[in-house]
Amino acid sequence: MEGNTDMTKIQHEIISDFMLFDDWMEKYEYIIDLGKELPLINEKYKTDEYIIEGCQSKVWLHAALINGKMDYSADSDAIITKGIIGLLIRVMNHQTPEEIASSDLFFISEIGLQEHLSPTRSNGLVGMVKKMKIEAIKSLNQ
Amino acid sequence: MTKLIHALKNQFNVSVIRDQFPALRQKIYGKNLVYFDNGATSQKPQVVIDAINRYYALENANIHRGVHFMSQRATSDFEAARIRIQKHLNARKSEEIIFTKGTTDSINLVAFSYGELLNKGDEIIISAMEHHGNIVPWQMLCARKGLVLKVIPINTNGEIIQEEYDKLLSNKTKLVSVIHISNTLGTVNPVKEMIKKAHAVGAKFLLDGAQSIQHMKIDVKDLDCDFYVFSGHKVFGPTGIGVLYGKEALLDAMPPYQGGGDMIEKVTFEKTTYNHLPHKFEAGTPHIAGGICLGTAFEFLSTIDLIESEAYERELAHYAEQVLETFEDLTIIGTAKNKTSVVSFNVKGLHPFDIGTLLDKQGIAVRTGHHCTQPLMDFYKIPGTVRASFAFYNTKEEVDFFAEALEKSINILR
Ligand SMILES: Cc1ncc(COP(=O)(O)O)c(C=O)c1O
C-alpha cells in the first residue's frame with residue numbers, strides 16, 4: 001500500500017505543477033522541455049523488437065524487473081509524445097508490479113492530456129501504457 | 001519573418017461566402033478557428049444544414065416504394081438531386097449518376113463490378129500518388145481475379161512521369177485509375193491527355209475526383225472519363241453520401257454490386273431480374289437525406305463562379321507557399337508546376353505530429369501524418385507531412401495567422 005500512495009502522491013505533484021500554467025501553450029512548452037531533457041532509453045533498445053507503432057508517432061519501450069520493482073525506459077520520435085512518456089515514467093518507474101498492474105493514471109485527464117491517451121489518437125501512447133501494465137503482470141507471474 | 005504584400009482578386013467575395021459557414025465562426029481553445037483541413041472534409045453552408053434539418057423534421061419518408069404523398073415527395077427530391085448533380089457534371093443522363101457512400105465506396109463498386117468483366121492477366125494501372133482508397137480495392141481485385149497492378153512512377157516534384165505511363169499502357173491494360181488532384185501534394189494531374197491515351201489502347205479510365213469536385217468545374221463529357229467518383233462531405237455536403245458517375249453503356253454491361261431491395265425488377269426463388277440504371281447499383285434504402293442534401297450542396301455551389309473560386313484558391317495556396325518559403329529549414333513537399341489548394345511541408349528535425357499539436361492549441365486545424373498515401377511517403381522517404389488544405393472560404397489573413405502560429409510552434413520545439 002505504501003508504494004500505491006507513492007504513485008498517487010507523484011500524480012498529485014504533477015497535477016499541482018500543471019496548475020501553474022495559464023494556457024495550453026505554456027503546458028506544452030513544459031511537456032516539450034521535459035521531452036528534450038530526458039535521455040529516456042538505452043540506444044540498444046531502440047529497435048523493432050521494442051517498438052510500439054502508432055499511426056502518427058513511434059514509441060520504444062523497455063521494461064525490466066529490478067529488485068522487485070519495475071524499471072521502465074522509453075522514447076519516441078515525436079517530442080510531445082516523449083514529454084508525456086517522461087510524465088508516465090515519473091509516475092510508474094520503480095514501483096512494484098502489483099501497484100502498476102492495478103494503477104489508475106488519473107493525472108492524465110486532470111492535466112488535460114487525455115486526448116493523447118485516447119485510442120483514436122494512435123500516437124503509440126495507449127499501446128505503451130498497456131504494455132507497461134502487461135510487463136508488470138508478466139513479472140508478477142514469473 | 002517577412003510579410004508579403006499580396007493583392008487577391010477582389011471580384012471574388014470571400015466574406016460573403018464565409019458568412020454562410022457557421023462552423024467557421026467558432027473559437028477553439030479560445031482562439032479564432034482557422035480551418036485548414038479541407039482536404040479531409042469541408043465545412044457545411046447554412047443551406048445544407050437547414051436542408052438536413054428540414055428533411056428529418058418534415059420530409060422523412062422512404063423512397064421509390066410509397067403510394068403516399070410524403071414518399072412521393074422524398075422520391076422526387078432525391079431524384080431531383082440526382083439530376084442536379086448530373087447537370088453539374090455535364091453527364092449525358094441522370095441514370096449515369098449512382099449514389100454511393102463516398103469515394104471509397106464508389107471505387108470498391110467499380111473494382112468489384114467492372115472487375116467481374118476482367119480476366120486473368122489483364123492489367124490495371126494506378127499512379128504512385130494514389131490515396132489508399134484507390135490502391136487497396138485494386139489490390140484486392142487483382143488477388144481475386146489474377147490481374148496485374150502496375151504503378152506509374154512520379155518525379156520528385158510530385159508529377160506523374162508521362163513517358164513511364166506511355167510505357168505501361170498496352171492492349172493488356174483494361175483500366176487506368178488515377179487521382180485528379182493529389183490530396184497530399186496538391187498536384188493537378190493532366191488527366192484529359194491521360195484519358196485519351198488510355199482510350200487509345202482500349203482501356204477504361206476512372207478519375208478519383210475526391211479532391212477536384214470542390215476545387216474546379218468538372219465536365220465529364222469533356223474529360224471523357226469512363227468513371228468519375230467523389231465524396232459528398234468534401235464538397236460541402238453531408239457525410240455518408242457520394243457519387244459514382246459512369247458511362248451508361250459501361251454501367252449497363254457491369255453486373256450488380258450488392259443485392260437487395262430496390263435493385264431488382266422481379267424476384268422469384270428460381271430467378272431474379274435486375275432493375276435498370278441507376279437503381280441496379282443502389283440496393284436497399286439509400287442515404288435519402290444525404291442524397292437530397294448533397295443536391296442542396298450543389299445548389300449552393302451553383303451560386304459560386306467556379307472559375308473565379310479556382311483562381312482564388314490557387315492564389316491562396318501560392319501565397320501560403322511564398323510565406324512558408326521564408327522559413328528556414330522548411331521543405332515543401334510537392335512542387336508540381338500545376339498545383340492547387342494543398343501545401344504539405346516538413347520542418348527539419350521536427351516531427352509533423354508535434355507541429356500539428358501546437359498549431360491545434362492555437363486554433364489551427366491542419367492534418368499531419370501520411371494522409372492515407374503511405375507509398376507516396378515512402379517515395380519521399382518521410383514519415384509524414386504537415387498539410388494545410390484550403391477551401392474558397394479561407395483567407396490570406398488566416399494564412400498570415402497560421403504563419404505566426406507556425407513560427408511560435410517551431411520556436412518552442414527547437
Ligand atoms: C484523393 C482521395 N481519394 C479518396 C479518398 C477517400 O474518400 P472517402 O474517405 O470519403 O471515401 C480521399 C479522402 O480522403 C481522397 O482525398
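**Sheet in chain B.** I started with the open sheet of four strands in chain B, in a predicted model. I read its order as β13-β14-β17-β16, and the pairing is antiparallel. I noted the two edge strands, β13 (330–333) and β16 (367–369) of chain B, each of which pairs on one side only.

**One strand pair.** I took β13(B) and β14 (residues 342–347) of chain B next. They pair in the antiparallel sense over four bridges. I picked out one residue, Leu330(B), and found that its bridge partner in β14(B) is Val347(B).

Helix α11 (residues 306–325) of chain B lies across β13 and β14 of chain B. I noted that α11(B) runs at about 15° to β14(B). Helix α12 (residues 352–360) of chain B lies across β14, β16 and β17 (385–389) of chain B. For α12(B) I noted an angle of about 40° to β17(B).

**Interface of chains A and B.** I moved on to where the two chains touch. I have 18 residues of chain A in contact with 16 residues of chain B. Between them the chains bury about 1,500 Å², and 66% of this is on carbon and sulfur atoms. Which three residues supply more than any other three of the area that chain A buries against chain B? I found Trp24(A), Met25(A) and Gln56(A), with 38% of that area.

I looked up the salt bridges between chain A and chain B, and the count is one. It joins the side chains of Glu115(A) and Lys361(B), at 3.1 Å from N to O.

**The side of chain A that touches chain B.** I asked which helices supply at least two residues each to this side, and wrote down α2 (24–37) and α3 (79–92) of chain A. Of the elements there, α2(A) gives the most, with six residues. I then sorted this side of chain A by class: eight residues are nonpolar, five are polar and five are charged.

Methods
Residues are numbered from 1 along each chain as its sequence is written. Chains are lettered from A and ligands numbered from 1 in the order in which they are written. This is a predicted model: local features need pLDDT of at least 70, side-chain atom pairs count only at pLDDT 80 or more; totals for chains, interfaces and linings use all residues. Side-chain values use heavy atoms; hydrogens and water are left out. Contact means heavy atoms within 4.5 Å. Buried area is the accessible area (1.4 Å probe) that two parts lose on being put together, summed over both. A salt bridge is a side-chain nitrogen of Lys or Arg within 4 Å of a carboxyl oxygen of Asp or Glu. Ala, Val, Leu, Ile, Met, Phe, Trp, Tyr, Cys and Pro count as nonpolar, Asp, Glu, Lys and Arg as charged, and the others, Gly among them, as polar. Two strands pair if DSSP finds at least two bridges between them. Axes are lines fitted to C-alpha atoms, for helices over the stretch in contact, and angles run from 0 to 180 degrees between N-to-C directions.
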